[in-house]
Amino acid sequence: MIDFRYHLVSLIAVFLAVALGIVIGTTALNAPILESLEGEVAALAEDKRELEAQTEELQARVDTGDAFAAAVAPTLVAGALAGRSVLLVATGEEVPAETVEEVQTLVGQAGGTVSGTIRLQPGYSDPATAAEVQSYVTGPGLPTGVVLPETDDTGQLVGSLLAQVLLRPAAPGAAVPDTAAVSTVLAGLRALDVLDVESTGVTPADFAVVLTAGVPTAEDAAQDAAEDAAEDAAQRTDTLVDLTLALDAAGSGAVVAGDAASAGETGLVGVLRADPEDSAAVSTVDDVDSAAGRVSAVLALGRESEGTSGAYGSGEDTQPVPPVPATTP
């Protein structure tokens with residue numbers, strides 16, 4: 001008679017047989033699988049080495065090209081801004097001080113002078129401070145001769161005020177802004193912590209170069225307020241657009257020079273390029289962090305004085321650099 005012990009032994013034997021089969025099968029398969037994996041890893045490692053070599057080669061070419069552009073830059077821009085003055089406006093702390101200094105140097109090599117450098121602070125374009133800024137701009141301390149647009153848009157109001165006191169009108173015989181008005185307006189806006197002056201002084205200029213980097217972002221925005229953050233960033237960019245257009249209209253022209261990120265959909269360069277009317281009024285550069293881009297920014301000012309605007313850099317539908325002026329024999 002078959003008892004429980006027999007069934008138990010039979011079941012144990014079956015499980016042992018299955019386990020033994022798995023072990024034998026795994027052992028038989030392990031070798032080819034391991035060999036295949038080792039081959040794939042070796043191929044990926046080789047691909048990685050090749051990509052690293054290509055990257056190093058491309059970077060070397062970029063460095064060489066940038067060094068060449070830096071070397072020929074003084075010759076390319078010579079005389080492009082002879083006797084003209086340029087105001088430099090950095091849109092925030094993201095713009096490297098080195099970029100500002102290099103553009104200033106190149107303006108000098110082009111025969112021009114930098115009339116001053118201002119750097120906008122976050123409060124300039126912050127919707128939360130708009131009411132306070134508008135109260136100052138439309139207050140009783142408005143300089144004589146300044147006529148603000150009839151609007152409640154703070155960006156247009158403060159942009160118009162700055163443009164009228166910081167830029168010389170291009171029209172012959174037009175009144176030049178009073179230096180006292182410049183000091184008063186800048187002091188008032190500095191007190192509101194919306195901008196800072198990085199030069200020893202600021203006087204009215206013929207042109208303006210607006211230096212930008214990256215895209216505006218709303219600081220400390222919660223994840224569940226993504227839409228609000230996007231709207232805040234868009235409003236900040238619109239405020240910078242208002243300033244740029246005002247500077248361009250008040251003087252002999254303006255150029256917005258930024259990096260590749262600023263040419264994105266929400267960056268200042270990108271937003272200006274996306275609007276046909278704005279892009280026809282203001283020149284843009286998307287590689288000011290390179291020597292070629294800084295040359296483009298300076299040459300673009302010369303084109304602006306002729307009433308011609310363009311898009312320069314490496315982005316879509318751009319020219320590498322503006323046409324180089326012909327030298328006088």
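Residues are numbered from 1 along each chain as its sequence is written, and side-chain values use heavy atoms, with hydrogens and water left out. Because the model is predicted, local features need pLDDT of at least 70 and side-chain atom pairs count only at pLDDT 80 or more, whereas totals for chains, interfaces and linings use all residues.

The protein chain contains 10 helices and seven strands; these are DSSP runs numbered from the N terminus, with helices being H or I of at least four residues and strands being E of at least two. Of its 329 residues, 39% count as buried, where buried means under 20% relative accessible area, exposed over 50% and partly exposed in between (1.4 Å probe, protein chains only). The accessible surface of the protein chain is about 18,000 Å², and carbon and sulfur atoms hold 57% of that area, as given by the Shrake-Rupley method with a 1.4 Å probe; for residues, only the protein chains shown count as cover.

The seven strands form an open sheet in the order 3-2-1-4-5-6-7, with mixed pairing. Strand 3 (195–197) and strand 7 (311–312) are the edge strands, each pairing on one side only. Two strands pair if DSSP finds at least two bridges between them. The table lists pairings within the sheet.

| Strands | Sense | Bridges |
|---|---|---|
| Strand 1 and strand 2 | parallel | six |
| Strand 2 and strand 3 | antiparallel | three |
| Strand 1 and strand 4 | parallel | five |
| Strand 4 and strand 5 | parallel | five |
| Strand 6 and strand 7 | parallel | two |

Individual partners can also be named. Leucine 88 stands opposite threonine 117 in strand 2, and leucine 120 stands opposite leucine 195 in strand 3.

Strand 4 is mostly covered, with five of its five residues buried. Phe207, Val209 and Leu211 point one way from this strand, and Ala208 and Val210 point the other way. In a regular strand the side chains alternate between the two faces of the sheet. Strand 2 is largely enclosed by the rest of the structure, because six of its eight residues are buried.

Strand 1, helix 2 and strand 2 make a right-handed β-α-β unit; a crossover is right-handed if, with the strands pointing away from the viewer, the path from the first strand over the helix to the second runs clockwise.
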